Amino acid sequence: MYLTILFYILIKTQVSNSNCGCQLSRETDSCGDNPAAKYFKDVNEDFNDGAQTPHKVNIEDMALIKRNTFTMGTDKPVFVSDYEGPVRNVTVATFYLDAHEVSNIQFMEFVEQTGYKTEAEVFGDSFIFEMFISKEEQEKHKDYRAVQAPWWIKMMGVSWKHPEGPLSDIKNRMDHPVIHVSWNDAVKYCSHVGKRLPTEAEWEMACRGGLHQKLYPWGNKLMAKGQHWANIWQGDFPQINTAEDGYISTSPVVSFPPNKFGLYNMAGNVWEWTQDSWASDTDLKVKKGGSFLCHESYCWRYRCAARSHNTADTSASNLGFRCAADAMKNNL
Ligand SMILES: *[C@@H]1O[C@H](CO)[C@@H](O)[C@H](O)[C@H]1NC(C)=O
């Protein structure tokens with residue numbers, strides 16, 4: 001009994017110590033059973049190759065990722081409580097994945113066609129990173145900070161169209177990823193364009209780009225060839241962002257070199273929602289890839305094996321998505 005409690009406290013401590021806003025939630029947080037369980041071989045033998053999605057999908061700007069078995073997770077977990085391990089072989093059927101994160105312009109087209117209101121707009125607020133608003137605004141919102149990650153402020157009037165509050169706009173970043181979108185919003189968008197969110201296994205296989213058990217989409221070395229490969233944090237988190245990679249916040253959805261599958265920003269830029277639930281008994285959804293706020297010292301989660309979660313209705317400055325589609329015969 002005491003051991004269980006101690007273990008729980010250890011896990012909890014680790015979670016809060018390793019929090020880069022990964023645990024943002026409109027409601028209370030919980031951690032569940034090991035989701036790796038669903039990736040054992042027998043669970044995956046019966047793959048539905050080429051299942052039909054309802055519409056013919058426009059596969060422009062999507063990468064075709066061929067059926068393969070890859071080694072998922074890591075046996076050298078950085079965040080044990082995130083269940084990054086153990087490694088297991090997972091077979092993924094052929095599918096398409098958006099080459100880049102869904103951009104503001106793409107999301108705007110969807111809203112113009114459907115009149116869709118995001119959850120941040122309906123709730124009237126979203127989580128914003130403190131650096132993006134003035135000291136005055138920060139002071140005004142001091143009671144609206146996330147307890148375990150006080151650099152996150154829940155602010156009124158923040159949405160995908162107004163990422164830093166009612167007076168801000170997205171005019172100069174239409175090619176950046178849409179942010180302040182919840183999992184529920186992402187599902188609506190993907191379904192509107194005849195697609196769906198990728199499963200976590202699909203996402204991770206895509207991230208690895210055919211490389212075996214490497215840390216990043218491009219290999220093991222963060223600054224391979226002395227260059228920046230992803231939009232992450234340089235400097236001391238959360239105070240000083242030197243933006244050596246060129247960006248304080250999001251970067252265009254096509255920026256930094258693509259991986260071997262032609263996919264951009266699988267690591268860094270914004271976290272990406274996946275279809276998967278974190279555990280069977282919660283509405284927490286798995287997100288992958290880390291964001292422009294991640295730094296090795298604090299949130300080394302821009303690794304392919306890294307994973308985190310939020311509730312399905314959470315939205316934030318550093319959380320977006322891309323869509324996947326089944327490979328249909330008429331698309332091949
Ligand atoms: C994965 O498959 C490879 C090749 O068949 C094998 O060598 C390896 O032991 C497997 N790993 C696991 C964790 O099952």
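User: pLDDT stays under 50 over residues 28-32; how many contacts beyond four places in sequence does the model have there?
Analyst: This is a predicted model: local features need pLDDT of at least 70, side-chain atom pairs count only at pLDDT 80 or more, and totals for chains, interfaces and linings use all residues. Residues are numbered from 1 along each chain as its sequence is written. pLDDT is the predictor's confidence in each residue, from 0 to 100, and two residues are in contact if their C-beta atoms, placed from the backbone, lie within 7 Å. For residues 28-32, where pLDDT stays under 50, the number of such contacts is 10.

User: Over which other residues does pLDDT stay under 50, with 22 contacts beyond four places in sequence?
Analyst: The protein chain averages a pLDDT of 87, and 82% of the residues score at least 70. The stretch with pLDDT under 50 and 22 contacts beyond four places in sequence is residues 1-21.

User: How many helices and strands does the protein chain have?
Analyst: Helices (H or I, at least four residues) and strands (E, at least two) are DSSP runs, numbered from the N terminus. By that count the protein chain has seven helices and 11 strands.

User: What percentage of the 332 residues in the protein chain is buried?
Analyst: A residue is buried if 20 or more other C-beta atoms lie within 10 Å of its own, exposed if 12 or fewer, and partly exposed in between; C-beta atoms are placed from the backbone. Of the 332 residues in the protein chain, the buried share is 43%.

User: Why is helix 7 largely enclosed by the rest of the structure?
Analyst: Helix 7 spans residues 200-208. Its buried residues include Trp 203, Met 205 and Arg 208. Helix 7 is largely enclosed because the buried count is nine of its nine residues.

User: Which residue just after helix 7 takes a positive phi?
Analyst: Phi there is about 55 degrees. The residue is Gly 209.

User: At what angle does helix 7 run to strand 4?
Analyst: Axes are lines fitted to C-alpha atoms, for helices over the stretch in contact, and angles run from 0 to 180 degrees between N-to-C directions. Helix 7 lies across strand 1, strand 4 and strand 11. Its angle to strand 4 is about 70 degrees.

User: What is the strand order of the open sheet of three strands?
Analyst: Two strands pair if DSSP finds at least two bridges between them. Pairing in this open sheet is antiparallel, and the order is 1-4-11.

User: Which are the edge strands of the sheet?
Analyst: Each edge strand pairs on one side only. They are strand 1 (62-65) and strand 11 (324-326).

User: Which residue in strand 4 is the bridge partner of Ala 63?
Analyst: Strand 1 and strand 4 (residues 95-98) run antiparallel, joined by four bridges. In strand 4, the partner of Ala 63 is Leu 97.

User: Is Val 102 buried or exposed?
Analyst: Val 102 sits in the loop between strand 4 and helix 3 (104-114). Beyond its neighbours within four places in sequence, its contacts include Phe 107, Pro 177 and Gly 320. Because Val 102 has 24 C-beta neighbours inside 10 Å, it counts as buried.

User: How far apart in space are Val 102 and Tyr 189, C-alpha to C-alpha?
Analyst: In sequence, Val 102 and Tyr 189 are 87 residues apart. In space, C-alpha to C-alpha, they are apart by 9.3 Å.

User: How many residues of strand 7 are buried?
Analyst: Strand 7 covers residues 271-277 and is mostly covered. Of its seven residues, the buried ones number five.

User: Which strand pairs with strand 7 in the parallel sense?
Analyst: Three bridges join strand 7 to strand 8 (residues 284-288), and those two run antiparallel. A hairpin of six residues links strand 7 and strand 8. The parallel pairing, over two bridges, is with strand 10.

User: Asn 269 has a positive phi; is Asn 269 buried or exposed?
Analyst: Phi of Asn 269 is about 65 degrees, although Asn 269 is not a glycine. Asn 269 lies in the loop between helix 7 and strand 7. With 31 other C-beta atoms within 10 Å, Asn 269 is buried.

User: Lys 225 lies in the loop between helix 7 and strand 7; is Lys 225 buried or exposed?
Analyst: Phi of Lys 225 is positive, near 55 degrees. With 9 other C-beta atoms within 10 Å, Lys 225 is exposed.

User: Which residue does a cis peptide bond join to Phe 237?
Analyst: Most peptide bonds are trans. Here omega is about 0 degrees, and the partner of Phe 237 is Pro 238.
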